[in-house]
Number of protein chains: 2
Amino acid sequence: MSEVRWLSDQEQAVWRSYLAATTMLREHIERRLQRDAQMPQTYYEVLVALSEAPDMKLRMSELADASRSSRSKLSHAVNRMERSGWISRDDCDVDRRGSWARLTEKGFAVIHAAAPDHVATVREALFDVLTPEQVRQLGEISAAIAGNLAGECAKVREEEGTL
Amino acid sequence: MSEVRWLSDQEQAVWRSYLAATTMLREHIERRLQRDAQMPQTYYEVLVALSEAPDMKLRMSELADASRSSRSKLSHAVNRMERSGWISRDDCDVDRRGSWARLTEKGFAVIHAAAPDHVATVREALFDVLTPEQVRQLGEISAAIAGNLAGECAKVREEEGTL
DNA sequence: TCTTACTAGTTGAACGTTCAATTTGTCTTG
DNA sequence: CAAGACAAATTGAACGTTCAACTAGTAAGA
């Protein structure tokens with residue numbers, strides 16, 4: 001057991017600031033999306049991933065990776081979006097365990113209707129309050145954090161089935 | 001209805017990077033805290049807020065502000081932590097509607113046991129992957145975002161009782 | 001003082017996520 | 001071509017959060 005390296009005062013302040021900013025921003029976006037489009041942010045991300053895929057369809061596990069969902073979470077989410085008529089499921093010929101999730105016409109309409117408000121929210125709450133230089137910095141900082149955690153997260157994914 | 005100002009390619013890239021980084025970091029910390037201390041991050045923040053308060057007690061609404069919880073969320077959370085014996089509730093003499101949430105001995109022990117692992121997680125996943133300059137930048141960026149949203153969030157808080 | 005408005009806090013139902021198990025199908029190796 | 005290991009996806013239960021009442025107490029004005 002090694003010594004604890006506590007946070008310096010400056011680090012402490014940055015951490016609290018980071019926590020406040022990311023929490024507030026996430027909740028703000030969630031509230032707006034719920035108000036304007038009656039869906040949580042994770043559903044929005046699933047719809048975006050599908051809308052960008054060839055033929056607007058993806059295998060469930062590809063969709064899980066694209067939207068950073070666990071398989072279980074995605075399964076439940078797709079169930080609900082299927083019930084709303086936004087997504088349909090097709091059997092997969094190549095691998096009979098698998099299934100395709102496909103964006104329906106209605107789902108396509110829903111995401112297109114939701115996008116403008118969502119983009120406006122992101123712009124107002126994030127890009128409009130930062131200088132171009134800060135935007136650049138935020139990009140690099142985010143890449144560093146994400147790059148470091150990507151391995152860790154992949155490990156967790158793998159363990160999903162293993163237990 | 002005004003024109004939609006879509007995100008530029010660079011903004012799009014930064015936004016996706018930001019989303020990936022903050023989501024992964026939050027989930028990583030949540031997983032570690034759950035594994036090491038059997039509690040979600042929000043409970044940790046509640047316990048920290050209480051441990052820093054005079055006499056380790058706060059009125060429910062003060063605690064809600066300190067931990068950025070809605071009143072309802074906090075009420076449920078304190079219920080569960082009370083059942084675990086981490087927090088106790090006392091009636092408030094000054095205002096008989098109110099109640100104090102106080103950290104118990106056990107709650108104090110729990111947060112002190114959890115802190116070292118938590119700090120190590122934050123350090124490894126955040127501060128160790130950034131340069132000192134980037135840490136400074138992140139502080140300023142976070143302050144800008146949080147500063148801008150603080151008003152918005154206060155507004156939402158106020159509306160909590162009003163409806 | 002009575003009445004109206006407001007504030008502190010709680011509650012139950014609905015929602016979305018996690019966790020662990022389960023089902024079904026594929027791949028590998030002997 | 002069987003046997004076990006592995007992979008794709010789903011399920012139900014438990015958990016935590018949100019939402020919309022609701023209870024009870026305080027404050028303010030006539």
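**Protein–DNA and chain–chain contacts in a predicted model**

Student: Which helices each supply at least two residues of the surface near DNA strand D?
Tutor: Here a residue is near a strand if one of its heavy atoms lies within 4 Å of it, and helices are DSSP runs (H or I, at least four residues) numbered from the N terminus. This is a predicted model, in which local features need pLDDT of at least 70, side-chain atom pairs count only at pLDDT 80 or more, and totals for chains, interfaces and linings use all residues. Side-chain values use heavy atoms, with hydrogens and water left out. The helices are helix 3 (60-66) and helix 4 (71-83) of chain A, together with helix 2 (41-52) and helix 4 (71-83) of chain B.

Student: Which residue has a polar side-chain atom 2.6 Å from a base nitrogen of DNA strand D?
Tutor: On chain A, a side-chain N or O atom of Ser72(A) is 3.1 Å from a base oxygen of DNA strand D, while a polar backbone atom of Ser99(A) is 3.0 Å from a phosphate oxygen. The base nitrogen, at 2.6 Å, is approached by a polar side-chain atom of Ser72(B).

Student: How many salt bridges does the rule find across the interface of chain A and chain B?
Tutor: A salt bridge is a side-chain nitrogen of Lys or Arg within 4 Å of a carboxyl oxygen of Asp or Glu. Arg5(A) and Asp128(B) meet in such a pair, with N to O at 3.2 Å. Across the interface of chain A and chain B, the number of salt bridges found is six.

Conventions. Residues numbered from 1 in each chain as written. Chains lettered and ligands numbered in written order. Polar contact = N/O pair within 3.5 Å; in protein donor to acceptor, adjacent residues only side chain to side chain.
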